[in-house]
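Q: Could you walk me through a couple of spots in this structure?

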Amino acid sequence: MSLPPIPIAKPYVGAEEEAAVAAVLRSGWLTQGARVAEFETAFAAHVGAAHAVAVTSCTTALHLTFVALGIGPGDEVICPSLSFIATANSIVHAGATPVFADVDETMNLAVASVEARIGPRTKAILAVHQVGLPAELDQLRELANRHKLLLVEDAACAAGSSYRGNPIGRPVGVAACFSFHPRKVLTTGEGGMITTADAQLAARLRRLRQHGMSLSDLDRHRNVAAGYQREQYLEIGWNARMTDIQAAVGLVQLGRLPGIVTRRRELASAYGRAFSDHAIIATPLEPADRQSNYQSYVVQLRGHTGAQRDRIVNRLLEEQIATRPGLMAAHLQPPYAKTVTAALPMTDRFGDESLMLPLYHELGADGVERVARALDLACREAG
Ligand SMILES: Cc1ncc(COP(=O)(O)O)c(C=O)c1O
C-alpha cells in the first residue's frame, strides 16, 4: 500500500474562510473597503502597532515603503543576499541599490557584516526575519541609530513570531512588511501589510497604494451626508489595493494565528528531537530571546552539497515526500551578477547545504516521523 504524498506546505484554511468570502461576494463590495479597514485595525492591534496598511503583496509593501521614505536613485540599502529575491528586488523597484551583507549561524543578518557595508550612500538597513526567525533587531536598531540610517523589517515570513517577548510588527524599525502568500503562516491568497508607528508614513502609504488619491473609495461612499466628494490625485501612485475578499480571509486567519503557530512549533520540536545529534543533519537555531513561527523548517546537510543534495531530494520524492533544496542567494542570480559583492561565506554555505522540509498544520507527528526516517536513510545512502 503506497503512503499518501507529503507536500512541502499546505495552507490551513476551512469553512470559516469560505463563509467569509461568500459574505463579501454577496455584499456587492469586492475591492478595498470595510473588510480591508477592519483587517488593518485587527492586525495592528494583534502586533501592537499604531497603524497597519494593507497592500497586494510584501514585495509591494517593501517597494512602497522605500518610496514613502524617500529612498531612491543614488541610495543604497543593506540587505541579506540569503533571502527570497523579492527582498533585493523591492529595493531596485524603488530605484535604489541593494548592498548584500552576510548572515550569521541563525541565517539572519550578521550585524558586523552590515556595519562593514555602511558607506556614504547607505540610507537604510533591510532586515529579513528568515523563514520566521526574528533578526537581531535591537543590535540592528542601535547600529542604524548610530549611523542615522532607517531600519525596515522584511517580515514576509514572520506573522506570529516574536522578539524579546514582542510580536514582530510592533515597530522596532520604521516599518515592518508582511506577506500573506499561501506559503506563509497567515494567508489571504496573495497580500501584504505594512505596520508602523508613524502616522505620516501610514497616510503616504495609503495614498501611494491608491493612485495618489486624496480620498479612499470607502470615504467617498461612506460620507453620503457630506454630499459628493471630488477626489484629487496628489502624486503618482500605484494600484496596490488588497480586496475585501482577501481581507475577509485574513480576518479569519488572524483569529487562527496563535493556534497555527503553536502547532508549527510542536512539529518543529518533533523534527528537532528526531535529528538531535545527527551526524549530517543540523537543525535550525532559535536563540532564547526569540520565537520563530517556523514558517519553514530548514536543516543543513553538513558536507552534502550539489549532486549529493539533489540525490537526497530525489530519493525523498520517490517516497512521495517533497523537499526544497536550500535557501536562495540573490547575488548568484542573473539580475545581480554584476552587483559588486564582498565575500559572503555563510550565505554561500547555507545556499549550498540547506534543505527545506515539509511543515504544515495537518502534517502531524506521524508525518514528521515519516520524513525524518526517509531523510536519515537518504543521507546515509548519499554517502
Ligand atoms: C523574505 C521574503 N521577502 C519578500 C517576499 C515576497 O512576498 P510576496 O510574495 O508577498 O511579494 C517573500 C516571499 O516569499 C519572502 O520570503
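**Helix packing and a loop residue**

A: Helices α1 and α9 are roughly antiparallel to each other (over 145 degrees). This is a predicted model, where local features need pLDDT of at least 70, side-chain atom pairs count only at pLDDT 80 or more, and totals for chains, interfaces and linings use all residues. Residues are numbered from 1 along each chain as its sequence is written, and side-chain values use heavy atoms, leaving out hydrogens and water.

Q: What angle do α1 and α9 pack at, and how far apart are their axes?
A: The angle is about 150 degrees, and the axes lie 8 Å apart. Helix α1 covers residues 15–27 and helix α9 covers 244–274.

Q: Which residues of α1 and α9 meet?
A: From α1, E16, E17, A20, V21, V24 and L25 meet D244, I245, A248, V249, V252, Q253 and R256 of α9 (contact means heavy atoms within 4.5 Å). By class, this contact of α1 with α9 has 8 nonpolar, 1 polar and 4 charged residues.

Q: Switching topic, where is T106?
A: T106 sits in the loop between β3 (97–101) and α5 (111–117).

Q: Is T106 buried or exposed?
A: T106 is buried, at a relative accessible area of 7% (buried is under 20%, with a 1.4 Å probe and protein chains only).

Q: What does the T106 side chain make a polar contact with?
A: The side chain of D104, at 2.5 Å (a polar contact is a pair of N or O atoms within 3.5 Å, one able to donate a hydrogen and the other to accept it). The T106 side chain also reaches the backbone nitrogen of N108 at 3.3 Å.

Q: And which residues does T106 touch, not counting those up to four places away in sequence?
A: L133, P287 and R290.

Note on methods:
Axes are lines fitted to C-alpha atoms, for helices over the stretch in contact, and angles run from 0 to 180 degrees between N-to-C directions. Helices (H or I, at least four residues) and strands (E, at least two) are DSSP runs, numbered from the N terminus. Angles under 35 degrees count as roughly parallel, over 145 as roughly antiparallel, 65 to 115 as roughly perpendicular and the rest as oblique. Ala, Val, Leu, Ile, Met, Phe, Trp, Tyr, Cys and Pro count as nonpolar, Asp, Glu, Lys and Arg as charged, and the others, Gly among them, as polar. Buried means under 20% relative accessible area, exposed over 50%, partly exposed in between (1.4 Å probe, protein chains only).
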